[in-house]
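Open the model in your viewer and keep the sequence panel beside it. The tour goes from the whole chain to single residues.

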Amino acid sequence: MEYQIKGTPFPAVICKLGAGESIDCQKGAMSWMSPNMQMQTTTGGIGKMLSRAVSGEALFKNKYTAQGGPGEIAFATSVPGNILAVEISATRQLVAQKSAYLASTPGVEASIFFQKKLGAGFFGGEGFIMQKFSGEGIVFIEVDGSVIEYDLAAGESMIIDTGYLAAMDVTCSMDIQTTGSVGNALFGGEGIFNTKVTGPGHIWLQTMPVSAIAKSISPYIVTNN
(Lines give C-alpha, C1' and ligand atoms only; values in the text may rest on other atoms or scores of the structure.)
Protein backbone atom coordinates (compact mmCIF):
# COMPACT_ATOMS: atom_id res chain seq x y z
CA MET A 1 0.00 0.00 0.00
CA GLU A 2 1.08 3.55 -0.79
CA TYR A 3 -0.54 6.58 0.80
CA GLN A 4 -0.51 10.38 0.77
CA ILE A 5 -1.97 12.78 3.31
CA LYS A 6 -3.27 15.89 1.58
CA GLY A 7 -5.18 19.06 2.37
CA THR A 8 -5.68 21.52 5.21
CA PRO A 9 -7.43 22.20 7.49
CA PHE A 10 -9.58 19.13 6.68
CA PRO A 11 -7.00 16.61 5.42
CA ALA A 12 -7.59 13.23 3.84
CA VAL A 13 -5.36 10.19 3.57
CA ILE A 14 -5.45 8.75 0.03
CA CYS A 15 -4.46 5.06 -0.09
CA LYS A 16 -3.42 3.24 -3.27
CA LEU A 17 -3.89 -0.51 -2.96
CA GLY A 18 -2.57 -3.30 -5.13
CA ALA A 19 -4.91 -5.96 -6.55
CA GLY A 20 -6.34 -8.03 -3.68
CA GLU A 21 -4.94 -5.67 -1.04
CA SER A 22 -7.26 -4.54 1.78
CA ILE A 23 -7.61 -1.77 4.32
CA ASP A 24 -9.82 -1.57 7.43
CA CYS A 25 -11.64 1.57 8.56
CA GLN A 26 -14.12 3.00 10.98
CA LYS A 27 -17.76 2.76 9.87
CA GLY A 28 -18.60 5.71 7.62
CA ALA A 29 -14.95 6.82 7.28
CA MET A 30 -14.69 6.33 3.49
CA SER A 31 -14.78 9.64 1.60
CA TRP A 32 -14.20 8.55 -2.01
CA MET A 33 -12.84 5.51 -3.86
CA SER A 34 -12.31 3.89 -7.25
CA PRO A 35 -15.18 1.70 -8.56
CA ASN A 36 -13.33 -1.58 -8.03
CA MET A 37 -13.10 -1.23 -4.24
CA GLN A 38 -15.33 -3.87 -2.62
CA MET A 39 -16.66 -3.28 0.89
CA GLN A 40 -17.29 -5.93 3.56
CA THR A 41 -18.77 -5.02 6.94
CA THR A 42 -17.53 -7.09 9.85
CA THR A 43 -17.84 -7.24 13.64
CA GLY A 44 -14.72 -9.22 14.54
CA GLY A 45 -16.73 -11.00 17.22
CA ILE A 46 -18.75 -9.86 20.24
CA GLY A 47 -15.64 -9.01 22.27
CA LYS A 48 -14.28 -6.63 19.65
CA MET A 49 -17.73 -5.09 19.12
CA LEU A 50 -17.96 -4.26 22.81
CA SER A 51 -14.38 -2.97 22.80
CA ARG A 52 -15.18 -0.56 19.96
CA ALA A 53 -18.40 0.58 21.63
CA VAL A 54 -16.70 1.34 24.94
CA SER A 55 -13.82 3.17 23.25
CA GLY A 56 -16.21 5.43 21.33
CA GLU A 57 -16.12 3.73 17.93
CA ALA A 58 -18.95 2.25 15.87
CA LEU A 59 -19.93 -1.36 16.60
CA PHE A 60 -19.07 -2.43 13.06
CA LYS A 61 -16.01 -1.76 10.91
CA ASN A 62 -15.54 -1.94 7.16
CA LYS A 63 -12.91 -3.70 5.09
CA TYR A 64 -12.26 -2.45 1.56
CA THR A 65 -10.46 -4.67 -0.98
CA ALA A 66 -9.17 -3.78 -4.45
CA GLN A 67 -10.78 -6.19 -6.91
CA GLY A 68 -9.35 -7.07 -10.34
CA GLY A 69 -6.51 -4.55 -10.22
CA PRO A 70 -5.11 -1.60 -8.26
CA GLY A 71 -7.58 0.58 -6.39
CA GLU A 72 -7.74 3.86 -4.52
CA ILE A 73 -9.65 4.91 -1.41
CA ALA A 74 -9.58 8.06 0.73
CA PHE A 75 -10.50 8.80 4.35
CA ALA A 76 -11.06 12.39 5.55
CA THR A 77 -11.07 13.96 9.00
CA SER A 78 -14.31 14.96 10.71
CA VAL A 79 -12.93 18.14 12.33
CA PRO A 80 -10.17 20.63 11.39
CA GLY A 81 -6.87 18.97 12.15
CA ASN A 82 -4.35 16.44 10.96
CA ILE A 83 -4.00 12.76 10.20
CA LEU A 84 -1.15 10.80 11.77
CA ALA A 85 0.25 7.69 10.11
CA VAL A 86 1.97 5.56 12.77
CA GLU A 87 3.87 2.34 12.07
CA ILE A 88 2.77 -0.29 14.60
CA SER A 89 5.12 -3.17 15.38
CA ALA A 90 6.30 -5.47 18.16
CA THR A 91 8.46 -2.61 19.44
CA ARG A 92 5.87 0.17 19.07
CA GLN A 93 2.31 0.08 20.36
CA LEU A 94 0.18 3.21 20.41
CA VAL A 95 -2.37 4.59 22.87
CA ALA A 96 -4.74 7.25 21.48
CA GLN A 97 -7.75 9.27 22.55
CA LYS A 98 -11.20 7.81 22.07
CA SER A 99 -12.65 8.14 18.56
CA ALA A 100 -9.18 8.84 17.09
CA TYR A 101 -9.19 5.77 14.82
CA LEU A 102 -9.66 6.44 11.11
CA ALA A 103 -8.23 3.45 9.21
CA SER A 104 -5.50 0.80 9.34
CA THR A 105 -3.87 -2.02 7.44
CA PRO A 106 -5.31 -5.46 8.32
CA GLY A 107 -2.45 -6.44 10.66
CA VAL A 108 -3.26 -3.73 13.20
CA GLU A 109 -5.39 -4.72 16.21
CA ALA A 110 -7.43 -2.14 18.17
CA SER A 111 -8.37 -2.78 21.79
CA ILE A 112 -9.39 -0.97 24.97
CA PHE A 113 -6.68 0.70 27.04
CA PHE A 114 -7.66 1.25 30.68
CA GLN A 115 -5.93 3.89 32.75
CA LYS A 116 -4.00 2.05 35.46
CA LYS A 117 -4.43 4.88 37.95
CA LEU A 118 -8.02 5.73 38.84
CA GLY A 119 -7.20 9.38 39.38
CA ALA A 120 -5.81 9.78 35.86
CA GLY A 121 -8.93 8.21 34.43
CA PHE A 122 -11.48 10.21 36.41
CA PHE A 123 -9.77 13.60 36.64
CA GLY A 124 -7.06 13.75 33.98
CA GLY A 125 -9.42 14.79 31.20
CA GLU A 126 -8.34 12.08 28.73
CA GLY A 127 -11.01 9.67 29.95
CA PHE A 128 -10.72 6.42 31.86
CA ILE A 129 -10.75 4.46 28.59
CA MET A 130 -8.50 5.10 25.59
CA GLN A 131 -7.64 3.06 22.49
CA LYS A 132 -4.59 0.82 22.12
CA PHE A 133 -3.18 -0.23 18.74
CA SER A 134 -0.90 -3.27 18.47
CA GLY A 135 0.16 -5.87 15.89
CA GLU A 136 1.94 -5.09 12.62
CA GLY A 137 1.09 -2.37 10.10
CA ILE A 138 0.05 1.26 9.78
CA VAL A 139 -2.73 3.01 11.67
CA PHE A 140 -4.17 6.37 10.67
CA ILE A 141 -5.58 8.48 13.51
CA GLU A 142 -7.27 11.88 13.64
CA VAL A 143 -5.73 14.75 15.60
CA ASP A 144 -7.68 17.91 16.43
CA GLY A 145 -5.82 21.02 15.25
CA SER A 146 -2.07 21.04 14.69
CA VAL A 147 0.31 18.34 15.96
CA ILE A 148 3.19 18.98 18.36
CA GLU A 149 5.49 16.03 19.13
CA TYR A 150 7.90 15.31 21.98
CA ASP A 151 10.26 12.48 22.84
CA LEU A 152 10.28 11.95 26.60
CA ALA A 153 13.28 10.28 28.22
CA ALA A 154 12.81 7.80 31.07
CA GLY A 155 11.44 9.76 34.02
CA GLU A 156 10.91 12.94 31.98
CA SER A 157 7.37 14.39 32.21
CA MET A 158 5.07 16.83 30.46
CA ILE A 159 2.07 18.55 32.11
CA ILE A 160 -0.85 18.69 29.67
CA ASP A 161 -4.18 20.51 29.91
CA THR A 162 -7.43 18.59 29.54
CA GLY A 163 -7.93 17.09 26.08
CA TYR A 164 -4.61 18.14 24.55
CA LEU A 165 -3.05 14.65 24.59
CA ALA A 166 -3.80 12.99 21.24
CA ALA A 167 -1.62 9.87 21.50
CA MET A 168 1.42 8.38 23.20
CA ASP A 169 3.63 5.32 23.05
CA VAL A 170 2.36 2.55 25.31
CA THR A 171 5.63 2.83 27.25
CA CYS A 172 4.51 6.20 28.64
CA SER A 173 2.49 6.44 31.84
CA MET A 174 -0.24 8.87 32.89
CA ASP A 175 -1.12 10.48 36.20
CA ILE A 176 -2.83 13.66 37.40
CA GLN A 177 -1.46 16.80 38.97
CA THR A 178 -3.39 19.60 40.65
CA THR A 179 -3.12 23.12 39.25
CA GLY A 180 -2.21 24.43 42.70
CA SER A 181 -4.25 26.38 45.20
CA VAL A 182 -8.03 26.76 45.30
CA GLY A 183 -7.58 30.27 43.93
CA ASN A 184 -5.72 28.91 40.91
CA ALA A 185 -8.51 26.43 40.26
CA LEU A 186 -11.34 28.94 40.68
CA PHE A 187 -9.88 31.98 38.94
CA GLY A 188 -7.00 30.74 36.78
CA GLY A 189 -9.25 29.21 34.10
CA GLU A 190 -7.25 25.97 34.00
CA GLY A 191 -9.50 23.75 36.14
CA ILE A 192 -8.42 21.65 39.10
CA PHE A 193 -6.37 18.89 37.47
CA ASN A 194 -3.92 18.50 34.61
CA THR A 195 -2.64 15.31 32.97
CA LYS A 196 0.95 14.31 33.69
CA VAL A 197 2.59 12.04 31.10
CA THR A 198 5.94 10.47 31.94
CA GLY A 199 8.37 8.76 29.58
CA PRO A 200 10.09 6.92 28.13
CA GLY A 201 8.26 7.33 24.86
CA HIS A 202 6.90 9.62 22.17
CA ILE A 203 3.82 11.81 22.68
CA TRP A 204 1.62 13.63 20.16
CA LEU A 205 -0.20 16.75 21.39
CA GLN A 206 -3.10 18.48 19.63
CA THR A 207 -3.63 22.24 19.63
CA MET A 208 -7.43 22.37 19.31
CA PRO A 209 -9.40 19.53 20.97
CA VAL A 210 -13.03 19.20 19.87
CA SER A 211 -14.08 20.22 23.38
CA ALA A 212 -12.13 23.48 23.02
CA ILE A 213 -13.71 24.13 19.62
CA ALA A 214 -17.19 23.65 21.11
CA LYS A 215 -16.37 25.95 24.02
CA SER A 216 -15.02 28.70 21.76
CA ILE A 217 -18.07 28.81 19.46
CA SER A 218 -20.81 28.19 22.04
CA PRO A 219 -21.26 31.93 22.87
CA TYR A 220 -22.11 32.58 19.20
CA ILE A 221 -24.71 29.83 18.84
CA VAL A 222 -28.25 31.19 19.04
CA THR A 223 -31.01 28.79 19.97
CA ASN A 224 -34.66 29.42 19.24
CA ASN A 225 -37.08 28.43 21.97
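## The whole chain

Start with everything selected. This is a predicted model. Of the contacts in the protein chain with a separation of 6 or more, 78% are between residues 24 or more positions apart. Colour by secondary structure next: the chain has 4 helices and 19 strands. Then switch to a surface. The accessible surface comes to about 11,400 Å², and carbon and sulfur atoms supply 58% of that area. Of the 225 residues, 41% are buried.

## Stop 1: the open sheet

Select strands S5, S6, S3, S10, S13 and S8. These 6 strands form an open sheet in the order S5-S6-S3-S10-S13-S8, with antiparallel pairing. Which strands stand at the edges? They are S5 (37–42) and S8 (81–88). Each has a single partner strand, so one side of each is left without a neighbour in the sheet.

## Stop 2: two aromatic pairs

A pair of aromatic rings is described by the distance of the centres and the angle of the planes. How many aromatic pairs are there? The count comes to 2.

Select Tyr3 and Phe140. Their rings are edge-to-face, with 5.1 Å centre to centre and 80° between the planes. Tyr3 lies in strand S1 (residues 2–6) and Phe140 in strand S13 (residues 137–144), so the pair ties together parts that are 137 residues apart in sequence. Phe140 is buried, at 0%.

Move on to Tyr101 and Phe133. The ring centres are 5.8 Å apart and the planes are at 25°; the cut-off for stacking is under 30 degrees, so this pair is stacked. Tyr101 belongs to strand S10 (residues 101–104) and Phe133 to strand S12 (residues 129–135), so the pair ties together parts that are 32 residues apart in sequence. Tyr101 and Phe133 are both buried.

## Stop 3: two serines

Go to Ser22, in strand S3 (residues 22–26). Its relative accessible area is 16%. Buried means under 20%, so Ser22 counts as buried. Which side chain does the side chain of Ser22 meet in a polar contact? The partner is the side chain of Thr65, at 2.6 Å. Show the rest of the surroundings too. Leaving aside neighbours within four places in sequence, Ser22 is in contact with Leu17, Lys63, Tyr64, Thr65 and Pro106.

Next, select Ser34. This residue lies in the loop between strand S4 (30–33) and S5. With a relative accessibility of 18%, Ser34 counts as buried. Not counting residues up to four places away in sequence, Ser34 touches Gly71 and Glu72.

## Stop 4: backbone details

Most residues other than glycine have a negative phi, and most peptide bonds are trans. The next three picks go the other way.

- **Thr8 to Pro9.** The peptide bond is cis, with omega near 0°. Pro9 sits in the loop between S1 and strand S2 (12–17).
- **Gly199 to Pro200.** This peptide bond is cis as well, and omega is about 25°. Pro200 is in the loop between strand S18 (193–198) and strand S19 (201–206).
- **Ser99.** Phi is near 65°, a positive value in a residue other than glycine. Ser99 lies in the loop between strand S9 (94–96) and S10. At 39% relative accessibility, Ser99 is partly exposed.

## Last stop: Ile112

Select Ile112, in strand S11 (residues 108–114). Ile112 is partly exposed, with a relative accessible area of 23%. How far apart are the C-alpha atoms of Ile112 and Met130? They are separated by 6.2 Å, and the two residues are 18 residues apart along the chain.

Notes: Residues numbered from 1 in each chain as written. Predicted model: local features only at pLDDT ≥ 70, side-chain atom pairs only at ≥ 80, totals over all residues. Heavy atoms only, no water. Buried < 20%, exposed > 50% of the residue type's maximum accessible area, 1.4 Å probe, protein only. Contact = heavy atoms within 4.5 Å. Areas by Shrake-Rupley, 256 points an atom, 1.4 Å probe, with all protein chains shown as cover. Phe/Tyr/Trp six-rings, centres within 6.5 Å; stacked < 30°, edge-to-face > 60°. Pairing = 2+ DSSP bridges. Polar contact = N/O pair within 3.5 Å; in protein donor to acceptor, adjacent residues only side chain to side chain.
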